[in-house]
Amino acid sequence: MKKTLLSLLFTCIVIAAIAQTAPPARLKYFGFAIVDCSLDDPNDAAVLTNYIHEVDTFSNVAQMCVESHTDTVINRVNMMNSRCVKPILSVSKVFIYLANTNGPSGSNYDLYPNYQTRWDSFKLINASVLNANQIEMLYVCDEPTWNGVGFSELSTICNTIKADFPNIPLATVEASPMVGQIQIPTTIDYIGFDHYGIYDVSTDTNYLAWLDTLEQARSTPNQKIILVFDEEWNSFYWPGGWTPDSMETVLDNYYKLALADTNVVALVGFTWPGIAPGWLGARHLPQHVIDKSILYGQMIKNNYSPCTTAIEAEKKRLEIKVYPNPSNDNVNFSFGENEGLKQISIYN
């Protein structure tokens with residue numbers, strides 16, 4: 001009887017696992033915004049401003065914010081690296097400042113007249129970690145067109161960084177209302193846009209039109225897409241009865257789109273902590289929603305872990321074939337011809 005129950009349980013777990021489509025190799029990055037940005041989730045009693053220990057097992061990238069050109073990020077970068085995660089390091093505040101309210105968003109940012117001096121200071125302070133082995137990408141500006149940062153200013157920032165660190169990719173994310181006006185410097189490697197409160201981005205005509213417009217606006221075909229997925233809940237983005245439980249399906253739909261669009265290389269979630277009272281970040285959503293993030297994150301991190309050596313990566317290329325697939329009954333595994341100990345990881 002016990003054997004039968006165990007067999008049924010194992011079969012059910014395998015069926016649940018193979019129901020999730022494994023990510024293609026191009027889908028390389030998974031992580032969240034505001035993981036290490038000196039922001040405390042107001043829904044917590046205790047003060048906490050660095051959440052890397054909550055996401056490291058299923059993320060390979062995480063946003064780390066720079067507040068000033070005099071910031072020291074060495075210890076923060078090293079700690080994140082020690083957990084097999086690399087920063088998306090946000091450096092915009094080194095280069096730009098809030099000048100007035102004349103931007104489309106109500107905020108207009110200008111380039112510091114002494115931006116080069118500020119950048120040189122930041123480089124000198126953090127020289128030991130500013131390299132492609134420790135930083136996954138530099139986030140140069142958030143919603144630049146929406147926030148009044150012109151193409152010339154954005155290009156200046158990108159050119160300044162690339163002159164010093166040509167091997168560290170640069171990234172930016174635009175606001176959806178400005179996608180049709182965006183100009184993308186050739187020095188940008190990863191580009192995305194953000195829009196929240198859409199239940200199924202894989203079928204929503206407005207969302208898909210924005211995505212198509214963004215992809216058409218790329219200045220080189222080598223520029224890849226960061227898909228900013230929605231994993232928070234508040235009454236502003238989700239009016240009309242959508243509950244926090246719904247966010248599992250929302251995430252499923254972003255993942256479905258990431259599988260379908262061959263330009264997408266990253267899924268980055270907004271946000272891990274809540275950023276205002278009543279705003280539930282991903283960490284405070286129902287457990288089944290968090291579990292889905294863990295599932296997708298672990299599958300994508302299996303494509304690329306900053307701690308995985310070339311030899312370990314080659315070992316992971318062994319395929320386990322399942323027949324029949326999909327299955328609603330017994331499942332047979334087919335291994336390669338080589339003998340030896342096998343380890344199978346099954347995600348429920």
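**View 1. C65 and its disulfide partner C37.** C65 is buried, at a relative accessible area of 13% (buried is under 20% relative accessible area, exposed over 50%, partly exposed in between, with a 1.4 Å probe and protein chains only). The model is predicted: local features need pLDDT of at least 70 and side-chain atom pairs pLDDT 80 or more, while totals for chains, interfaces and linings use all residues. Residues are numbered from 1 along each chain as its sequence is written, and side-chain values use heavy atoms, without hydrogens and water. The S to S distance between C37 and C65 is 2.0 Å (a disulfide is a pair of cysteine sulfur atoms within 2.5 Å). The link of C37 and C65 is right-handed, with 65 degrees about the S-S bond. C37 sits in the loop between β1 and α2 and C65 in strand β2, 28 residues apart (helices are DSSP runs of H or I with at least four residues, strands are runs of E with at least two, and both are numbered from the N terminus). C37 is also buried, at 9%.

**View 2. The disulfide between C84 and C307.** The structure holds two disulfides, and in this one the sulfur atoms are 2.1 Å apart. The link of C84 and C307 is left-handed, at -105 degrees about the S-S bond. C84 lies in the loop between α3 and β3 (86-90) and C307 in the loop between α9 and α10 (310-315), 223 residues apart. C307 is partly exposed, with a relative accessible area of 39%.

**View 3. Cysteines C141 and C158, in no disulfide.** For C141 the nearest cysteine sulfur is that of C158, 8.7 Å away. C141 is buried at 2% relative accessibility, and C158 is buried at 0%.

**View 4. The salt bridge of R283 and E54.** Nitrogen and oxygen are 2.8 Å apart in this pair (a salt bridge is a side-chain nitrogen of Lys or Arg within 4 Å of a carboxyl oxygen of Asp or Glu). R283 is in the loop between β10 (264-270) and α9 (287-303), and E54 is in helix α2 (residues 52-55), 229 residues apart. R283 is buried at 16%, whereas E54 is partly exposed at 24%. D41 and D44 are linked with R283 and E54 in a network of salt bridges. The whole structure has twelve salt bridges.

**View 5. Two further salt bridges, E67 with K93 and K123 with D164.** The closest N and O atoms of E67 and K93 are 2.6 Å apart. E67 is in the loop between β2 (61-65) and α3 (74-82) and K93 in helix α4 (residues 92-95), so the pair ties together parts 26 residues apart in sequence. Both are partly exposed, E67 at 38% and K93 at 40%. In the pair K123 and D164, the closest N and O atoms are 3.0 Å apart. K123 is in helix α5 (residues 115-125) and D164 in helix α6 (residues 151-164), so the pair ties together parts 41 residues apart in sequence. D164 is partly exposed at 32%.

**View 6. K301 in helix α9.** K301 is buried yet has no salt bridge, and D56, the nearest side chain of opposite charge, is 6.6 Å away (Lys and Arg count as positive, Asp and Glu as negative; His and the chain ends are not counted). Leaving aside neighbours within four places in sequence, K301 has contacts that include D56, F58, R83 and C84 (contact means heavy atoms within 4.5 Å). The buried residues of α9 include V289, L295, Y296 and K301. Among the elements that cover the buried residues of α9 are β1 (29-36), α8 (247-260) and β10.
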